[in-house]
Amino acid sequence: MKCDDCVNLLEAYVDGEVGEQQAESVRTHLMTCSACVSEFELLTAEAELYARYDREVQISPAVWNGITARIAAEPAAVETRERRDLRGWLAGLFAVPRLGFAFSGAMAVLLVMVAVGYLYTRTDQSPQRLVAASSERVKAGSATINKSDQTTLTPGSENVGNGPVQFVTVANRDKQKRPRAIPDDPGVLSADAAYTEIEDRDTASHLEQAQKLLVSFRTLQSDDDQEVDVTYERNESRRLLSENVVLRRDAEMAGKFPTKSVLGSLEPFLIDIANLPDKAPASDVRQIKDRVQRTEIVAELRGY
Amino acid sequence: MNSSADLVSRACRGDQEAFRLIFERYSRPVISFIYDQVSDRELAEELTQETFVRAYRSLKTLRSETKLSTWLFGIAKNVSRESLRARIRQNLHIDLDDEQVLDLSDRGPVPVSQLLNKELNEVVQRALALLDEDKRLVFTLKVFQQCSYEEIAEITGFSIPKLKTDLHRARTEMRQRVGQYVRA
């Protein structure tokens, strides 16, 4: 492969949008071309920077409250339209047509006010809140949506399925939020320690997820020559790849070389899986599975 | 049990709890995506609300082969665009200060690891806001929401070649604006 061809493919390669054959060609070229490696590293460094971008936007309770209020008003509007028709017919009989509109309008406003009042009392009844942190992955169809969440639940609402507004999302973060130093807190060193601890926890959690991914990948059926559906593994791998780049660089900056080494060993597998098509050829899957087996990467991750 | 298809089916039958779960699952990526388009937190909340209300109204039109996230991003894109158009009509342009961007850039190279989160967020946000609408759409869907080219094409209605070109140009422009902060 020539440099021009490689550079043209690099963005799609980093995005996991090239076929296995092209991905292999890019990988081979990168092993021998320092100029293209520089471009590749620039792209991954940019990916790292964008992965750190935190908009600090939150879903306030008002958003869901507003939605339920508007939704609640809609069936009422249908109902009042029907009622208006009936009243119009009656009004026609008794020659009081103007009352119909005023009555149905008043009913609609009343229903909205009742709904908003109800929602307000349900959300505001308990000042004490229990913050439950969860860091689960939610698989939505073939896509995975990161839900590293902090969800606030009102007491008595552990069963969030019982009411329309019994949860308040405080902050969902693509990445776990770093603790911020309290301005008047003299314990800077302890804050630094907490930061490191969270970073280690992030890495441990990341490696655990990667290990599960590789174990899952290893169990894929690829004995015959049929295509293998790797949509889930591919999406998961893409997400983990972004995290991996950030964590590896963090580990390097912090001088944690064993961590950096483990993350560095993991990265080629994530790149390979991320670059598979949704329906991957069985031979490509087998090739990666063999490498997983041969390099004992899963054992290395477990040992971390 | 709570797959997206199951939740949609239940929500279509009037199960509000199912719709609440859909909201809980997708509100974060949707508000992030909208915020990237409009650069205004309060407006992003309003538009997220509008997105989910519209989604609720038209749940029954969701085709089974369409991914829920793709469909929601499509609605969010329309809602954001309408809002941006309305703002342009009212001459309320996004409050961008190009001088500030230059000011940040003039500080010389700073490794990303040394950038304060707040500063980094400002740099990226300003750089994003300076992209034109199409490029910003494609860039945020690919880089921040990890959508595939096919999904982006479905959300935006762009052809694959167009979105690839837009994405490349967006990356180039972003590199010019945030490149000094990248530790290559």
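This is a predicted model: local features need pLDDT of at least 70, side-chain atom pairs count only at pLDDT 80 or more; totals for chains, interfaces and linings use all residues.
Trainee: Which residues other than glycine have a positive phi here?

Mentor: Let me show you two. B:S39 has a positive phi of about 55 degrees although it is not a glycine. You will find B:S39 in the loop that links α2 and α3 of chain B. The other is B:Q146, with a phi near 55 degrees, in the loop between α7 and α8 of chain B.

Trainee: Are B:S39 and B:Q146 buried or partly exposed?

Mentor: Here we count neighbours. B:S39 counts as partly exposed because it has 18 C-beta neighbours inside 10 Å. B:Q146 has 21 such neighbours inside 10 Å, so B:Q146 counts as buried. The cut-off for buried is 20 or more.

Trainee: Thanks! How much can I trust chain B, and where is the confidence lowest?

Mentor: Look at the pLDDT. Chain B averages 82, and 83% of its residues score at least 70. Within chain B, confidence is lowest in helix α5 (residues 98–105), with a mean of 42, and highest in helix α7 (residues 133–144), at 94. The pLDDT is below 50 over residues 92–109 of chain B, a stretch that has 12 contacts in the model beyond near neighbours in sequence. For the complex, the predictor gives an ipTM of 0.79 and a pTM of 0.52.

Trainee: How many helices and strands are there in chain B?

Mentor: Chain B has 9 helices and 0 strands. Reading from the N terminus, the elements run α-α-α-α-α-α-α-α-α. Of its 184 residues, 42% count as buried. Now look at contacts between residues at least 6 apart in sequence: in chain B, 67% of them join residues at least 24 apart.

Trainee: How do I describe the way α7(B) and α9(B) pack?

Mentor: Two packed helices are described by the angle between their axes and the distance between the axes. For α7(B) and α9(B), the angle is about 90 degrees and the axes are 8 Å apart. That angle makes α7(B) roughly perpendicular to α9(B). On the α7(B) side, the contact is made by B:D134, B:K135, B:V138, B:F139 and B:K142. From α9(B) come B:L163, B:D166, B:L167, B:R169, B:A170 and B:M174. By type, the residues of this contact divide into 6 nonpolar, no polar and 5 charged.

Trainee: Which residues have the most contacts inside the largest nonpolar core?

Mentor: First, the general idea: in soluble globular proteins, nonpolar side chains tend to be buried together. Here the largest nonpolar core has 54 residues, and those with the most contacts inside it are B:I22, B:I34, B:L72, B:V124, B:V138 and B:V178. The largest share of this core, 12 residues, comes from α2(B). Zoom in on B:I22: leaving aside neighbours within four places in sequence, B:I22 is in contact with B:L7 and B:A11. Another core lies apart from this one; it has 25 residues, among them A:A210, A:V246, A:A251 and A:I271.

Trainee: Which residues does B:T70 contact, leaving aside its neighbours within four places in sequence?

Mentor: B:T70 is in contact with B:E151, B:E154 and B:I155. B:T70 itself lies in helix α4 of chain B, and it counts as buried because it has 20 C-beta neighbours inside 10 Å. Two of those partners, B:E151 and B:I155, are buried residues of helix α8 (residues 149–156), along with B:I152 and B:A153. Sequence and space can tell separate stories, too: B:T70 and B:T156 are 86 residues apart in sequence and 9.8 Å apart in space, C-alpha to C-alpha.

Trainee: Last one: how many residues of chain B are in contact with chain A?

Mentor: 45 residues of chain B are in contact with 40 residues of chain A. On the chain B side, α2 (16–38), α3 (41–57), α4 (68–89), α6 (117–129), α7 and α9 (160–178) each supply at least two residues. The largest share, 13 residues, comes from α2(B). This side of chain B divides into 20 nonpolar, 13 polar and 12 charged residues.

Definitions and conventions. Residues are numbered from 1 along each chain as its sequence is written. Chains are lettered from A and ligands numbered from 1 in the order in which they are written. pLDDT is the predictor's confidence in each residue, from 0 to 100. Helices (H or I, at least four residues) and strands (E, at least two) are DSSP runs, numbered from the N terminus. Two residues are in contact if their C-beta atoms, placed from the backbone, lie within 7 Å. Ala, Val, Leu, Ile, Met, Phe, Trp, Tyr, Cys and Pro count as nonpolar, Asp, Glu, Lys and Arg as charged, and the others, Gly among them, as polar. Axes are lines fitted to C-alpha atoms, for helices over the stretch in contact, and angles run from 0 to 180 degrees between N-to-C directions. Angles under 35 degrees count as roughly parallel, over 145 as roughly antiparallel, 65 to 115 as roughly perpendicular and the rest as oblique. A residue is buried if 20 or more other C-beta atoms lie within 10 Å of its own, exposed if 12 or fewer, and partly exposed in between; C-beta atoms are placed from the backbone. A nonpolar core is a set of buried Ala, Val, Leu, Ile, Met, Phe, Trp, Tyr and Cys residues joined through C-beta atoms within 7 Å.
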